[in-house]
Amino acid sequence: MSSLFLFPSFHHFFLVKQYPFAREKQRFAPKVKFRFCNFPVMKLHQLVFLVLLLANQVCCKTYIHVDYSLAVEVPSEYSVELLGRAFLMETDQMEPDFRVALSVEPIEGKYSCSLEVFLGDVKVWNSGHYSRFYTSDKCVLALTKDGDLHLKGSNDRIGWRTGTSGQGVERLQILKTGNLVLVDALNRIKWQSFNFPTDVMLWGQRLNVATRLTSFPTNSTAFYSFEIQHNKIALYLSSGKWNYSYWEFQPTKNRNITFIELGSKGLEIFNDKYKKIAQILSFGMQFQPLRFLALGNKTGNMGLYFYSPEKRSFEAAFQALNTTCDLPLACRPYGICTLSNACSCIRLLTAKKGAGSDCNGGFSEGFCDREQQEMLELSGVSSVLRTAPTRVNVSKEVCENLCLQDCKCAAALYSTGKDGTSSRECFTYGLVSGVKQVESGAGLTYMVKVPKGTQVSHGKSNVKKWVLVMVGVIDGFIILLVFGGLGYYLVQRRRRRNTLASDNNT
C-alpha cells in the first residue's frame, strides 16, 4: 500500500510518494524517492478535502532495517518558501508522538539536508544543528548493509554520518522517549541521538557534567548555551573568546553535580552516588507531565514544557528568566533596557553626527587606538552578563584604564556594593549587550568605550544626561498612558451612572 504525504508551504506544495515493496521479507526496506511538486491552483474546499484525505493515510513504522535508502529531490531554483519533509518513522503512542523526518530546508540561499526528530510539531533533534550539510540536486538518507547511517548529496558526497560501520547494526529505531537509536540483533545500542544533544532535552534524557545544549540566534555571531558544571548549571552567552553567564542555579552546601535528568515534575540534579541533591520544580502543569526542556534561539531563555490537551500545544511550566530586561539580548548592542522593559539606544543620545541606524553609531571602531578613545560613565545602569572580575580592590580609574588598555574591551562594570564597603571589583566586557537600567544606590557604575570628544567638561557626559532624560521620558510617557486610560475609564463610568440615574428619575 502506498502512502502519500502533503507538505503545504505558502504557494507551494510537495507531494511525496512511498512505493510499496514487492518482496515479503520486510527485513530489507525499500529504496524510496521523494519529489518536489507544485500543485495547480485549486478551490479551498478541494484543498481541505485533499489534506484530510492524505492526513488519514500517514502511517509509519518505528524502525527501518539495514540496506535502506530514501531520497528527496532538491529544487533547482532557490525559494525561502520551499520546504521538503518526508516522515519515515513514528512512535505508536498518544498525541503528541515522535516522528523522524528527512528534511530539505532553505537556509541563507542554499538548501540544507538533515535528519530530524519531532515531538508533535516541535523539532527536538537535528543532525545539522552544529554543522549544516548543504546540497543540490538531491538529499539522500541511507542505512548501509554494514550498519552506517549517513546523509549524502550529489556525486555521493557524504555530509553527515554516525560512523557505526562494522558494529553489527541491524536497524534504526525511534524509541517512545524520542531517542533515535541504532541497535544490533540483541537490541544493544550502538549509537543514539541522546548522546548528541542540540537545544532540547527530552523527558528521561540524562546530561552529564561538561555537556551542554546550544542555540544560535539568527543574524548574530553570538550563541546561547545551557551548561552542566560541577558546582552549578548555568545559561551562557558566548561571543568570540568571551563567555558570560546570565542565569545560574547552584545546589546548597556546595554539593557537586554529576548529571541532571528531566523528570515528570521538574529538572532533577544528581551526585556521583546517583542521589538527587536538588531539583527545579515546575508550576501550573495541571497534572500534565513535563515533556522537554528547551533553550530558545530567539531569547536565550530556558524553559520546561508540558503538553496541554485542551490547547493542543506545548505550554511553559517554568522559565528561568521572567523579565524582558534579564534576557542577554533584550536590546540591540549598545542599547539599554529600561525599567519599563523598553529599549533606549545610546547612539540616539550622542552628539555624533552621521551615525547609521545601528545603536553603536561607530563606537566599536578603533578600540586599539587609546589616544582616540575614552570611557563614558553611565549611572543607574548595569549588565545582566556575569563574568569573573578582572581585578579586585581597585579604584574606578584603574578599572577604566584596564579597559582602555585592552583592544578587545568594549565596556567595564565597577562595583562597590550598596553600602560602598564591599570589595571594589572591576569587570570587563568584549561586547555592549545585556545592559539594563537599575535602581539608584546599587553601587554599580557601567562604563562604555567611546570616541574621544563625546564627553563635555568637568567629567560630565552629554550621553549620561540624555540617557537619564530619555529613560525618564519613556517611562513617564508609559505611566501617562496608563493613568490617562484609567482616568478616561473612570470618567466614562461616572457619566454612565449619571445617565442611568436620570433615566430612573424620569
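An open sheet of four strands, in the order β19-β20-β21-β22 and with antiparallel pairing, is one topic of this briefing on a predicted model. The other topic is the disulfides, of which the structure holds five; a disulfide is a covalent bond between the sulfur atoms of two cysteines.

**The sheet**

- The strands at the edges are β19 (212–215) and β22 (242–249), each of which pairs on one side only, and from one strand to the next the twist averages 20°.
- Strand β19 runs antiparallel to β20 (residues 223–228) and is joined to it by four bridges, while Ser 215 stands opposite Tyr 224 in β20.

**The disulfide of Cys 331 and Cys 343**

- Cys 331 is joined to Cys 343 with an S to S distance of 2.0 Å, and the link is left-handed, with -90° about the S-S bond.
- Cys 331 sits in the loop between β28 (313–319) and β29 (335–337), whereas Cys 343 belongs to strand β30 (residues 343–345), 12 residues apart.
- Cys 331 is buried at a relative accessible area of 10%, but Cys 343 is partly exposed at 44%.

- Cys 399 lies in helix α2 (residues 396–404) and Cys 426 in strand β35 (residues 425–429), so the pair ties together parts 27 residues apart in sequence.
- Cys 403 is joined to Cys 409, S to S 2.1 Å, and here the torsion is about -100°, so the disulfide is left-handed.
- Cys 399 is buried at 0% relative accessible area, Cys 426 is buried at 0%, Cys 403 is buried at 0%, and Cys 409 also counts as buried at 0%.

Technical notes:
Residues are numbered from 1 along each chain as its sequence is written. This is a predicted model: local features need pLDDT of at least 70, side-chain atom pairs count only at pLDDT 80 or more; totals for chains, interfaces and linings use all residues. Side-chain values use heavy atoms; hydrogens and water are left out. Two strands pair if DSSP finds at least two bridges between them. Helices (H or I, at least four residues) and strands (E, at least two) are DSSP runs, numbered from the N terminus. Axes are lines fitted to C-alpha atoms, for helices over the stretch in contact, and angles run from 0 to 180 degrees between N-to-C directions. A disulfide is a pair of cysteine sulfur atoms within 2.5 Å. Buried means under 20% relative accessible area, exposed over 50%, partly exposed in between (1.4 Å probe, protein chains only).
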